Amino acid sequence: MTQTMDAYNSLKEIVGNENISIDPAILWGYSIDSSIQEPKLPDMVIRPNSVQEVSNILKYANNEKIPVIPSGGRSSISGAGYSLKGGGIILDLTRINNVFIYEDEANVEVEGGCTFSKLAYKLKQKNLTIGSPGPFSAFSATIGGGLSVNTYAMYGANIYGVPAESLLSIEVVLPTGQIINTGSAANPKGKPIFRYCNGPDLAGLFLGSHGTLGIITKATFRIRKRHQEELYYDPVFDTVEKCTQCAIELTNTRFIGTLIQFPPIIYKQSGLDIRAKGGGMLVEVFGDPENIEHRKNIVESIISKFTDMTVDTPAPLFNAREFSIYRHMCCVNGRWAEFCGFLPFEKVSEYIKIAEDFIEKNKDLINRASLFPQIGAIYTLNCVNTYTLFMAYDVTPENIEASSSLNKDIADILFNLGVSPYWIGKQYSNAFNTRLSPNYVNLYQMIKDLLDPNAILNPGMFELEEEKKQ
Amino acid sequence: MIEEKLKKQLDICMGCGYCRDAYGDEGWLEGLKTKHICPVREVLGFDTYTAKGRILLGRALYEGLMSYTPTAIDIFYQCTLCGNCEAHCISRGLPYVDPDVKVREIIKSFREIIDKGFLGVPEKIKNLPIRVSEYGNVFGDEAPISSTPYLKGNSDSETVYFSGCMVKFREGQIAEAVDKLANKLSLNIGVIDNELCCGSVLLRTGQVDRAEAIMSKNAEILNNLGIKTLITSCPGCFNTLKNEYPKHGLQLNFDIQHIIEYFSTNSQIKDLLSNSESKKVTYHDPCELGRLNNIYDPPRQLLQSIPNIQLIEPFRTRINSWCCGAGAGVQAGYPDLCKQIATDRFNELQSTKADFIVTACPNCQHSLGKVGKIFDIIEFLNKFLI
């Protein structure tokens with residue numbers, strides 16, 4: 001308590017009285033993200049307003065060996081952005097949220113606490129985009145937080161991949177308080193216009209690091225013109241294999257914005273009566289007035305090779321805008337544990353079979369807990385992002401526990417299939433240590449030790465400290 | 001019972017954070033357009049003031065992990081119940097209905113728990129029921145701001161005007177404006193000599209027993225009037241009488257209309273209005289009229305019935321309207337917070353560069369009026385009467 005009070009008194013000099021709190025009532029608001037993990041209370045929350053304030057806070061915390069947890073929207077569903085072990089300082093970065101658009105240089109500089117939706121909105125006003133605009137939680141998820149947890153966006157994923165695909169440079173505050181810029185901005189005379197220069201791609205080191213190596217306070221993205229036209233298709237198929245092959249061919253046209261493949265069970269659950277045994281897909285074609293007709297012909301020609309069946313997808317399915325394209329079938333509300341990760345095209349059909357078999361095998365528990373399974377494969381550049389979850393709409397501790405337990409079991413199976421999750425969070429921290437190559441984990445540990453000698457940043461994430469003690 | 005319902009509500013929230021920001025013209029549902037969601041969070045800063053933050057604190061209180069400290073209590077009273085978080089809550093689901101996460105109910109439940117458990121209702125809010133029971137109004141004033149009745153209607157009128165505390169004791173010009181317009185239209189609107197507070201503020205500050213006591217007395221008075229229609233300028237009174245009385249087992253034997261509904265269906269108004277100079281007007285949607293009762297178009301139609309008036313919408317309008325800061329006891333309990341929210345909203349209204357700012361709520365008018373000039377809609381219509 002003395003250390004907390006000392007820290008409070010010192011740090012309020014940096015951010016001002018109104019931007020720091022050790023009041024437990026305030027702290028509970030920062031006790032968890034969107035996951036079903038157990039809430040933990042930090043010792044303090046601070047709302048810095050500049051990179052310099054972040055740097056000064058980290059210098060102090062490093063000297064005093066006080067844990068610091070960078071936090072944005074806390075909308076992760078894997079357990080990130082809150083104090084995994086309890087205690088420490090939550091850095092609420094949402095005050096650092098400016099956006100600077102440089103149209104002539106085709107890039108946008110955005111501060112780490114800005115939400116993805118704010119960035120998308122500012123760009124859209126100029127008919128611009130970074131490509132993949134941001135995750136389902138884009139209205140609360142921040143740029144810094146999103147990049148730190150390898151955020152994924154469904155809308156536009158087929159053609160643009162993830163938001164980080166457009167990244168040019170980041171500004172990061174290291175645990176010791178030093179501020180660095182990556183890529184071309186590493187040259188103090190340079191600008192953040194290119195990622196792969198001035199030696200190694202150090203931006204990549206911090207992407208997906210879950211705030212364990214540094215705090216991302218600014219990012220620069222390449223920008224491009226937004227597409228003007230969109231077309232939607234919702235074909236269904238005789239077999240999963242046909243559906244998969246059609247999805248691959250469509251993806252390879254390189255003008256599909258979004259493509260999600262569903263197994264038959266999803267249509268059944270959604271109340272859509274289809275006879276097709278192979279499930280179906282939602283396809284969103286991006287284009288412009290001068291090419292949309294041509295693209296339409298190509299897409300229809302590909303689909304017609306595999307099926308002549310379609311389903312009347314309810315209009316609202318597509319009415320949810322770019323951050324949540326098919327919310328009717330997916331996450332409207334309720335709580336759940338989810339396993340997402342990447343697989344090659346060749347394993348999609350196998351994944352769907354495994355997931356459906358798993359649901360069949362566990363149907364008693366699923367029914368007992370009134371869970372709503374979700375399975376899908378989102379085609380992403382050259383691979384698919386699979387997601388498997390068990391939604392508890394009837395939110396009770398028992399049903400949440402059932403969702404969690406099923407998630408753990410399916411995750412074990414899917415890790416063995418080769419799925420690589422992009423979120424790690426509290427939920428898969430243990431997997432980071434046990435499922436990945438020891439050399440990879442050791443290299444990470446060495447980097448962590450070097451950058452964060454006092455292990456102050458986000459303790460508990462990846463369970464690295466525990467491993468060190470062993 | 002409260003606790004059981006509350007537990008379910010607290011559990012449902014998935015914590016997505018859509019109740020903090022929703023930047024831009026594309027919310028997750030068509031028609032949602034805003035920047036931030038919670039006016040209190042935008043002033044006080046910490047995310048604990050968002051619906052998600054309050055729910056996390058609520059869970060800790062419910063589970064006994066946290067005690068009802070003065071800050072915790074303040075967090076539940078520093079909410080205007082404007083409903084913007086519910087409007088943007090992802091749990092509204094499909095079809096587009098009320099949200100599953102009923103934040104307003106959660107807040108009111110905690111206020112009720114704090115009140116019933118003698119856990120420390122903030123002093124200025126604790127005084128409200130004393131004033132209401134002793135004086136029949138939330139201000140504890142003995143006499144209205146000007147002589148009553150404002151309206152010169154006959155006592156045998158089938159339609160009466162329910163002033164509400166704010167009009168009766170602070171914003172009397174609104175009743176005078178109603179009187180003037182009614183006279184011009186030769187409408188016979190009566191007044192209620194022994195009108196009591198509708199109970200709205202007590203209900204919304206969780207003081208349910210005392211609210212029900214005054215509501216019950218009021219219901220008896222009103223039902224004995226033998227009227228067909230009750231009209232009021234106050235969206236709080238309107239919502240309480242129309243929607244809350246029945247929920248508390250109090251049936252009223254007459255129709256209840258907001259003044260906007262009442263006058264907007266009168267086809268003669270348009271013929272009585274004249275204006276030769278082109279003017280711009282912007283309209284502030286009161287939360288309880290708009291988000292709670294879906295009355296968005298009638299006030300706009302009334303304003304557009306004035307010749308040469310151009311209606312300009314502020315950035316946050318209709319379902320996305322930003323609160324004036326006054327609601328649910330915040331004006332009484334936290335005047336500084338109220339003033340800051342009002343200033344933010346007034347600046348936004350002013351940024352439309354409209355010549356006039358208009359609303360249809362005496363509480364909004366009182367709150368925003370402390371920042372700058374704002375007209376009640378009937379008062380504004382009167383400016384253009386022939």
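Which residue in β9(A) does A:Val173 stand opposite? The legends below begin with that pair.

**View 1. Strands β8 and β9 of chain A.** A:Val173 stands opposite A:Ile179 in β9(A). Strand β8 (residues 167-173) of chain A runs antiparallel to β9(A), and three bridges join them. Two strands count as paired if DSSP finds at least two bridges between them. Strands (E, at least two residues) and helices (H or I, at least four) are DSSP runs, numbered from the N terminus. This is a predicted model, in which local features need pLDDT of at least 70 and side-chain atom pairs pLDDT 80 or more, while totals for chains, interfaces and linings use all residues; side-chain values use heavy atoms, without hydrogens and water. Residues are numbered from 1 along each chain as its sequence is written, and chains are lettered from A and ligands numbered from 1 in the order in which they are written.

**View 2. The open sheet of chain A.** Its five strands have the order β5-β6-β10-β8-β9, with antiparallel pairing. At the edges are β5 (99-102) and β9 (179-181), each pairing on one side only.

**View 3. Helices α3 and α6 of chain B.** The axes of α3 (residues 51-62) and α6 (residues 103-116) come within 11 Å and cross at roughly 40°. Axes are lines fitted to C-alpha atoms, for helices over the stretch in contact, and angles run from 0 to 180 degrees between N-to-C directions. α3(B) is therefore oblique to α6(B), a word for angles that are not under 35 degrees (roughly parallel), over 145 (roughly antiparallel) or 65 to 115 (roughly perpendicular). Residues of α3(B) in contact (heavy atoms within 4.5 Å) with α6(B) include B:Ile55 and B:Leu61.
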